[in-house]
Amino acid sequence: MKVDVILGLQWGDEGKGKIVDYLATRYDIVARFQGGPNAGHTLKFDGKKFVLHTVPSGIFREGLINLIGNGVVIDPITLARELQQITDAGVSYSDRLLLARKAHLILPTHRYLDAASENAKGKEKIGSTLKGIGPTYMDKTGRNGLRVGDVFQADFQQQYEALKEKHLTLINMYPDIDFDLAAEEEKWMEAIKKLRLLPLVDAEYYINDALNAGKRVLAEGAQGSMLDIDFGTYPFVTSSNTITAGVCTGLGLAPSRIGEVIGITKAYCTRVGSGPFPTELEDEAGELLRQEGQEFGATTGRPRRCGWLDIPQLKYTIMLNGVTQIVVTKVDVLNNFESIQMATAYNVDGQSGDQVPYDMCKFDIDLELESFPGWKQSLDHAKSFEELPDLARNYLHTMENYLGVPITMVSTGPERNQLLVVNGEV
Ligand code: GDP
Ligand code: IMO
Ligand code: MG
């Protein structure tokens, strides 16, 4: 068997949680392969709303195994909080949520470092979620990190203290900030006790054995491809490989194991945090997108920056990920627009093209825009793709033609069932 992948093609928040939750019933295992509690994946069903940060979005589907892979960074405090919410919702997870022993731990001092370093950057700040992601991946690649499996080692406390001391030395390099380390440390140690109760696995063996036994696996991406550490809008990126390649290193899978790659894009574009965003709208249209789309961060509550769909950007991330199917979300957010624009090419230094320049900050990008009349109606009546208004289908077909990959699903609202499957089954 091969692993299917769902990931974001823009700057995150494309609606991955909703689509994973919808498709999860077709799989035996849903696995997160990178990122950490910087993610906020929203699920809405039966009038309830859940935001997941570390736990995979298959957790609300009965009997399904949810695996947190080695490529994920875990904050025990956030995880414990999330598990409490799941328990409060009457959902049992005890034998269905597995943690990779090789996943790295986020310490309170990683968050402290994240906050101190961002504060010191002033106007140049990345706009990090301040969840300690960057410092934790730095310790991973710097070969200093603590891993989930280490919590059972006799010298765990000493290892923790040694790493903390190293962090405190680094924190001294930055201007002072408020951070109640003693209180955070107490919460962390309590949360570690809860983490010890979860089933730990050598995830690379677990997942390869599962595939060999014919199990169906869905890998759930976090963030978006434009936030990828190598290919995103560096330095305004996250600290992991968010693209398909990250599935291999984040779960211990060979590239030949990758099956369908389902890329998710909104019908427009958003980004939260700093960094280049060529199609950004800082006018009434941008504000309308934010209000209609309720574009406020699921993790930090920050207003998301909004803009038109960007074809060169999407072509780039489709190429990087080997996308085989596209899911377009939030089409309903465009319902009240008189006209809708789509950036179809970039003009850089007088040259028209569709390649993303190596550093979007260092080039002036003029957009070539195509304009579409809005459909000016609700999409609630549409129970199939064919029942969408002609103008909405026209917009989606144009997008598909530019991108050269089939659109297989269209999302028309936040609820689990507000999803249209194109041409019957996916
Ligand atoms: P993720 O990080 O990719 O899982 O996405 P987020 O959960 O951060 O952000 C997506 C937001 O859009 C959530 O509030 C979802 O409930 C909501 N959403 C998802 N799909 C749709 C849709 O088709 N229409 C509308 N209006 N909202 C949607
Ligand atoms: P999901 O999985 C949107 C952004 C932050 C910041 C940059 C670096 O919900 O799509 P970090 O905390 O990783 O150091 O922040 O990346 N960012 C996200 N933006 N959705 C996310 O996750 C994000 N995770 C990180 O806003 O600009
Ligand atoms: Mg999100």
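Predicted model: local features only at pLDDT ≥ 70, side-chain atom pairs only at ≥ 80, totals over all residues.
Residues are numbered from 1 along each chain as its sequence is written, chains are lettered from A and ligands numbered from 1 in the order in which they are written, and side-chain values use heavy atoms, with hydrogens and water left out.

The magnesium ion (ligand 3) is coordinated by D13 through OD and by G40 through O, at 2.1 to 2.2 Å. These two residues link distant parts of the chain: D13 belongs to the loop between β1 (3-8) and α1 (16-23), and G40 to the loop between β2 (29-32) and β3 (41-45), 27 residues apart. Donors here are N, O and S atoms within 2.8 Å of the metal (3.2 Å for Na, K and Ca); water is not among the atoms, so the site may look incomplete. Helices (H or I, at least four residues) and strands (E, at least two) are DSSP runs numbered from the N terminus. D13 counts as partly exposed because its relative accessibility is 23%, while G40 counts as buried at 11%. Buried means under 20% relative accessible area, exposed over 50%, and partly exposed in between, with a 1.4 Å probe and protein chains only.

G40 also takes part in the site of ligand 1, where a polar backbone atom of G40 is 2.8 Å from an oxygen atom of the ligand. An oxygen atom of ligand 1 is likewise 3.1 Å from a polar backbone atom of E14, and one is 3.1 Å from an N or O atom in the side chain of R304. Taken alone, ligand 1 exposes 590 Å², of which the protein buries 93%; accessible areas come from the Shrake-Rupley method with a 1.4 Å probe, and for residues only the protein chains shown count as cover. Ligand 1 is surrounded by 18 residues, the closest being G15, K16, T42, D332 and S411. A residue is counted when one of its heavy atoms lies within 4 Å.

Attention now turns to the strands. Strand β7 (residues 97-100) directs L97 and L99 one way and L98 and A100 the other, and all are buried. In a regular strand the side chains alternate between the two faces of the sheet. Strand β5 (residues 65-68) pairs with β7 in the parallel sense over three bridges, with L98 as the bridge partner of L67. β7 and strand β9 (residues 200-201) are also parallel, over two bridges, and V201 is the bridge partner of A100. Pairing requires at least two DSSP bridges between two strands.

Finally, K266 lies in strand β11 (residues 258-266) and is buried, with a relative accessible area of 0%. T270, in strand β12 (residues 269-271), is buried at 1%. The side chains of T270 and K266 make a polar contact at 2.9 Å, a term for a pair of N or O atoms within 3.5 Å; within protein, one must be able to donate a hydrogen and the other to accept it, and residues adjacent in sequence count only if both atoms are side-chain atoms. K266 and L9 are 257 residues apart in sequence and 8.8 Å apart in space, C-alpha to C-alpha.
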